[in-house]
Amino acid sequence: MMIVGTGTLMKRRDAKARLVLGVIFGGASIVSLLLATRRHKREALAGKLVVITGGSRGLGLALSEACLKAGARVAMLARDLEELERGRARLLQAGFPEAAINLFQCDVTQEEQVQRAAKAILANVGSIDILINNAGMISVGPIQNQSLASFHESMDTNFFGALHCTLAVLPGMLQRGTGQIVNIASIGGLIPVPHLLPYSASKFALVGFSRGLAVELRPKGIHVLTVCPWLMRTGSHLQALFSGQASKEYRWFSMGAVLPLISVGARVAAGRIIAAIESHRSELLVSAWSVLASRVASNAPATTSLLLTVADSLALPAGTEGDVATQKGFMARQKELKLVDRIGTQLAKEWNQTPG
């Protein structure tokens, strides 16, 4: 009878554990290599139909322009029909063919409207190849000046709007066994940015949904891209909602949203997103700032929390007593730096953000 000592058993277990770990990590490396190789196989957008929510202004308009440049057809969705018409006029003025630009009035927070729009697109334009969930809203202010309604509105637009549109196009994509869904989230969906809690909470939800969707749909031939941009120069600060000391909140937010060294140009962001779609990437962090911030947050969460706390305490305006009223940016702008005002006004005109 052979007696095996405890030390020998431990060594065998350690050897088995190392073998198992080696197989796991080896397999993961092979999968990563295959996925990386796959990313480099670009698929042209020429001839494809791309649905872009919030397509009439800001990043949505920049994405519409970039898709048209790539030879795609676009279906631009937005609540405001006049805004959509102004967006199309800008694209026509840039020389894009009218037949490639399709407009659909739709409020993505309303499931019935989304379903009607999806049916209308299928009947009048064709099968949807790519959905870009871009429609969003931003609510800026300290938590004591954020109403419950602000959280509901942010979730309805930024999360449920994307969910409604995804569920509307999914049956057709599943039937064909192909398609792409692009969710425009935010760095605010990876890092809890102070004074942006309704926005950040909704974008965190969108990131989680998008990543889970990618896992489920990949085996079915449908690719999902999660995009987390940094601040972008789209003129969106004029359409954002501000509460508390609204003019002061607007001042710090507008500076970040228009200064070149801090924010990313709309065309640059749109170009990177289109390249990621063509390369079938699963995740995109737009700008080096996004990459740096996400890595610091994932590797040093306590330090990140401390830095954000310091920024909130020292740099951002204090809340006001019991005031949850909101103002749009173009109403809250006061005592703005001349340079910021000049750049912001130009951006608003270029990207259809000026109130009609």
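## A buried asparagine in a loop

Asn 134 is found in the loop between strands β4 (130-133) and β5 (139-140). Helices (H or I, at least four residues) and strands (E, at least two) are DSSP runs, numbered from the N terminus. The model is a predicted one, in which local features need pLDDT of at least 70 and side-chain atom pairs count only at pLDDT 80 or more, while totals for chains, interfaces and linings use all residues. Residues are numbered from 1 along each chain as its sequence is written, and side-chain values use heavy atoms, with hydrogens and water left out.

Is Asn 134 buried or exposed? With a relative accessible area of 12%, Asn 134 is buried; buried means under 20% relative accessible area, exposed over 50%, and partly exposed in between (1.4 Å probe, protein chains only). Its side chain reaches the backbone oxygen of Gly 54 at 3.2 Å. Leaving aside residues up to four places away in sequence, Asn 134 touches Ile 52, Thr 53, Gly 54, Leu 59, Gly 60, Leu 63 and Ile 184, where contact means heavy atoms within 4.5 Å.

## The chain as a whole

The protein chain has 12 helices and 12 strands, and 47% of its 356 residues count as buried. Among the contacts with a separation of 6 or more, 77% come from residues 24 or more positions apart.

## Aromatic pairs

A search of the whole structure turns up 6 aromatic pairs. Rings of Phe, Tyr and Trp (its six-membered ring) pair if their centres lie within 6.5 Å; planes under 30 degrees apart count as stacked, over 60 as edge-to-face and the rest as tilted. One of the pairs is edge-to-face and joins Phe 159 to Phe 209, at 5.9 Å centre to centre and 85° between the planes. This pair links distant parts of the chain, since Phe 159 sits in helix α5 (residues 148-176) and Phe 209 in helix α6 (residues 197-217), 50 residues apart. Phe 159 counts as buried, at 13% relative accessibility.

Phe 242 and Phe 253 also pair: their ring centres are 5.9 Å apart and their planes are at 70°, so this pair is edge-to-face. Because Phe 242 lies in strand β9 (residues 241-242) and Phe 253 in helix α7 (residues 246-258), the pair ties together parts that are 11 residues apart in sequence. Phe 242 is buried at 0% relative accessible area, and Phe 253 is buried at 5%. Together with Tyr 250 and Trp 252, Phe 242 and Phe 253 form one aromatic cluster.

Which residues of α9 are buried? They are Ser 290, Ala 293, Ser 294 and Ala 297. These cover an arc of only 95° around the axis, so they lie on the same side of α9; the arc is that of the directions from the helix axis to the C-beta atoms. The cover over the buried residues of α9 includes β7 (222-229), β11 (283-286) and α10 (301-314). The face turned away from the buried side carries the exposed residues Ala 288, Arg 295 and Asn 299.

How many disulfides does the structure hold? The structure holds 0 disulfides, a disulfide being a pair of cysteine sulfur atoms within 2.5 Å. Cys 165 is in no disulfide, and the nearest cysteine sulfur, that of Cys 106, is 6.0 Å away. Cys 165 is buried, with a relative accessible area of 3%, and Cys 67 counts as buried at 1% relative accessibility.

Definitions and conventions. A polar contact is a pair of N or O atoms within 3.5 Å; within protein, one must be able to donate a hydrogen and the other to accept it, and residues adjacent in sequence count only if both atoms are side-chain atoms.
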